[in-house]
Amino acid sequence: MASRGKAFVASLSGTSLEYYDFAVYGTASALVFPQLFFPGSDPLTGTLLAFTTFAVGYISRPVGGFVFGRLGDTLGRKRVLVTTLLLIGFATVLIGLLPTYETIGVTAPIVLVLLRFAQGVGVGGEWGSAVLLSGEFGDPRRRGFWSSAAQIGPPAGNLLANGVFAVLAATLTGDQLLDWGWRVAFLLSALLVAFGLWIRLTLEDTPVFRALQASGGTSSTPIREVIRTQPRGLVAAILSRLGPDVSYSLLTVYVLTYATRTAGFERAQVLSAVLMGSALQLGLVPAFGALSDRINRRLVSAVAVVGAGIWVFVLFPAVASGSFGLLVLGVVVGLVLHAAAYGPQAAFITEQFSPRLRSSGSSLGYTVAGVLGGAVAPLLLTSLQADLGWAAAAGYVALACLLSVVGLALGRDHDPREDEELSAAAAPADAAADRP
């Protein structure tokens, strides 16, 4: 049990810190980057360019998923998690030190894109191994709960990122925020990464991976094997993520632009609404993960995704009304529905693949879905709303949710016995490790 608890904390804390780095960039893309790195253009174009660099972080995720997913199946989950944490932390601190367009010209947005690419590679490689770290240490019959540790990372990271920006927006003038305040949010990453490394370096690899190593059951070509032998699981994993990914981008990134420019809200007001929803998600994500251990996992996720696809048609008018109460209601309910879909998702995706291919399969499914969903979502939402109105943007979110329902229908329900056999093989080593 000591190892289970430590793995849960390591997965939760490390992923939260990495998603802080990733989320702080998304918030800055909506609030300050258009003016700092893409000046000289109209506000809409500046926003589109800033969201383009935001998308690079998703587009680069498959690189991380391909490279680190494979290493997770061949070298182990722990080594991957330490490397990815260092990569994304280093990139985030450098963004905080990066001169703006006014200082070094076009070099500034070019370097910004390169650092954002590095962030995406780190996050793409992080997720698969982080999910397996807590899921494979935990009871396979309660995988929904144990795997949700990594799923708490995005709302926790988003809560930290938006919390920092909310404090900065409330205590600094607009000029101070643009001049130096935004850098504080990025430079704080150095302290957070140091804490995450301390947690992860004290943990051994998962019982499942150690049992595979001991029996010679690891794969030397896991990526190729996943594509050749488990294509249905890969398609199910990709599609199941689209709706939650697009919804999350709407509720935590695009809403910052839409609410301030369309309805005239102050930055601090919109950040407060996102903070409230993210705070609720901290408890709801593991709760819905645990619920999916008792009720069919695919059913729990499907009901939530359908609800999100319907709620988006309420969200846009609520935000556009100019009422702060309706803004909070729209964002909070949306994030509650996202938590219900997202909590069981880690377990569902990993269960689509055999233990020897889990890191590669899960990482590929997660990162490819990120490109198709979260990467382009702010760009498409901005363009659709500007050209065709809010109903077109809402229809795009609903379509993504429909595709997720298809993915859930294609997926399989997991047999926990395959994990129990592998974990039993590593039990003697675990007992020895837990002795004083």
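Hi everyone. Let me start with one term: a cavity here is a set of grid points where a 1.4 Å probe fits but cannot get out, and its lining residues have an atom within 4 Å of a point. What we are looking at is a predicted model, so please keep that in mind as I go.

First, the empty spaces. Rolling a probe the size of a water molecule over the atoms shows where empty space is left. Searching the whole structure turns up five cavities of 30 Å³ or more. Two elements each give two or more residues to its lining, namely α14 (231-262) and α16 (297-320). Which of the elements gives the most to that lining? It is α16, with four residues. If you want to find the spot on your screen, the lining is made up of Ser247, Leu250, Leu251, Ala308, Trp311, Val312, Leu315, Gly334 and Val397.

Next, a pair of helices. Two packed helices are described by the angle between their axes and the distance between the axes. For helix α4 (residues 61-74) and helix α5 (residues 77-97), the angle is about 150 degrees and the axes lie 7 Å apart. Angles over 145 degrees count as roughly antiparallel, so that is how α4 and α5 run relative to each other. On the α4 side, the contact is made by Phe68, Leu71, Gly72 and Asp73, while α5 brings Arg77, Val80, Thr83, Thr84 and Leu87. Sorted by class, this contact of α4 with α5 has four nonpolar, three polar and two charged residues.

Finally, two leucines. Leu177 sits in helix α10 (residues 174-187). Is Leu177 buried or exposed? Its relative accessible area is 3%, and under 20% counts as buried, so Leu177 is buried. Leaving aside residues up to four places away in sequence, Leu177 touches Val32, Leu168, Leu172, Trp182 and Arg267. Its C-alpha atom is 49 Å from that of Asp413, which is 236 residues away along the chain.

The other leucine is Leu329, in helix α17 (residues 324-342). With a relative accessible area of 44%, Leu329 is partly exposed. The C-alpha atoms of Leu329 and Val314 are 9.9 Å apart, with the two residues 15 places from each other along the chain.

Definitions and conventions. Residues are numbered from 1 along each chain as its sequence is written. This is a predicted model: local features need pLDDT of at least 70, side-chain atom pairs count only at pLDDT 80 or more; totals for chains, interfaces and linings use all residues. Side-chain values use heavy atoms; hydrogens and water are left out. On a 1 Å grid over the protein atoms alone, a cavity is a set of points where a 1.4 Å probe fits but cannot get out, and a pocket is an open set with protein on both sides within 12 Å along at least five of seven lines; lining residues have an atom within 4 Å of a point. Grid points are joined across faces, edges and corners, and a volume is the space filled by probe spheres set on the points. Axes are lines fitted to C-alpha atoms, for helices over the stretch in contact, and angles run from 0 to 180 degrees between N-to-C directions. Angles under 35 degrees count as roughly parallel, over 145 as roughly antiparallel, 65 to 115 as roughly perpendicular and the rest as oblique. Contact means heavy atoms within 4.5 Å. Ala, Val, Leu, Ile, Met, Phe, Trp, Tyr, Cys and Pro count as nonpolar, Asp, Glu, Lys and Arg as charged, and the others, Gly among them, as polar. Buried means under 20% relative accessible area, exposed over 50%, partly exposed in between (1.4 Å probe, protein chains only).
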